[in-house]
Amino acid sequence: MSNKGKFVLCMVAIILATILVPNLVTRYMRLGQESVMITTDYYVTYFSYVFSVQLGLFYLVFLSYVVFVKKDK
């Protein structure tokens with residue numbers, strides 16, 4: 001598989017992860033609890049988790065670009 005093919009495969013995986021992140025964060029936050037009280041603290045925690053994961057995925061996009069695309073040039 002060429003480096004551009006690997007890059008496209010990484011992008012597809014990262015896009016799927018980006019779509020699934022909000023659902024996974026919600027499940028993680030409800031783990032071990034029977035009911036969750038929706039408060040301001042819940043939303044702040046939720047958005048901070050989602051933001052940090054999205055930031056990490058953006059970093060993976062950048063690294064994938066550097067490793068698979070820039071390496072060919």
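## Overall fold

In this predicted model, the secondary structure comes to two helices and zero strands. The C-alpha atoms fill a box of roughly 50 × 20 × 15 Å along the principal axes.

Buried residues make up 19% of the 73 residues in the protein. If you look at contacts between residues at least 6 apart in sequence, 70% of them join residues at least 24 apart.

## Helix α2 and its partner

Helix α2 covers residues 40-69, which gives it 30 residues. From its first C-alpha to its last, α2 reaches 42 Å, close to the 44 Å expected at 1.5 Å a residue.

Which residues of α2 are buried? They are Tyr42, Tyr46, Val50, Leu57, Ser64, Phe68 and Val69. The buried residues of α2 pack against α1, the helix of residues 3-29.

## How the two helices pack

The axes of α1 and α2 are 10 Å apart, and the two helices pack at an angle of about 170°. Because angles over 145 degrees count as roughly antiparallel, α1 is roughly antiparallel to α2. As for the make-up of this contact, its residues divide into 21 nonpolar, six polar and one charged.

## Ser64 and Val61

Two residues of α2 are handy to look at together here, Ser64 and Val61. Is Ser64 buried or exposed? Ser64 counts as buried because its relative accessibility is 8%, and the cut-off for buried is under 20%. Leaving aside residues up to four places away in sequence, Ser64 touches Phe7, Cys10, Met11, Ile14 and Val69.

Val61, in turn, is partly exposed, with a relative accessible area of 25%.

Thr45 is another residue of helix α2. With a relative accessible area of 22%, Thr45 is partly exposed. How far apart in space are Thr45 and Met29? From C-alpha to C-alpha the distance is 8.8 Å, and the two residues are 16 apart in sequence.

Gly56 also has its place in helix α2. Gly56 is partly exposed too, at a relative accessible area of 31%. Thr45 and Gly56 are 11 residues apart in sequence, and their C-alpha atoms lie 17 Å apart in space.

## Putting it together

To recap, the protein has two helices and zero strands, and α1 and α2 run roughly antiparallel. On α2, the residues that are buried pack against α1. Ser64 is one of those buried residues, whereas Thr45, Gly56 and Val61 are partly exposed.

Definitions and conventions
Residues numbered from 1 in each chain as written. Predicted model: local features only at pLDDT ≥ 70, side-chain atom pairs only at ≥ 80, totals over all residues. Heavy atoms only, no water. Helix = DSSP H or I, 4+ residues; strand = E, 2+ residues; numbered from the N terminus. Expected span 1.5 Å × (residues − 1). Buried < 20%, exposed > 50% of the residue type's maximum accessible area, 1.4 Å probe, protein only. Contact = heavy atoms within 4.5 Å. Axes fitted to C-alpha atoms, helices over the stretch in contact; angles between N-to-C directions. Parallel < 35°, antiparallel > 145°, perpendicular 65-115°, else oblique. Nonpolar A, V, L, I, M, F, W, Y, C, P; charged D, E, K, R; others polar.
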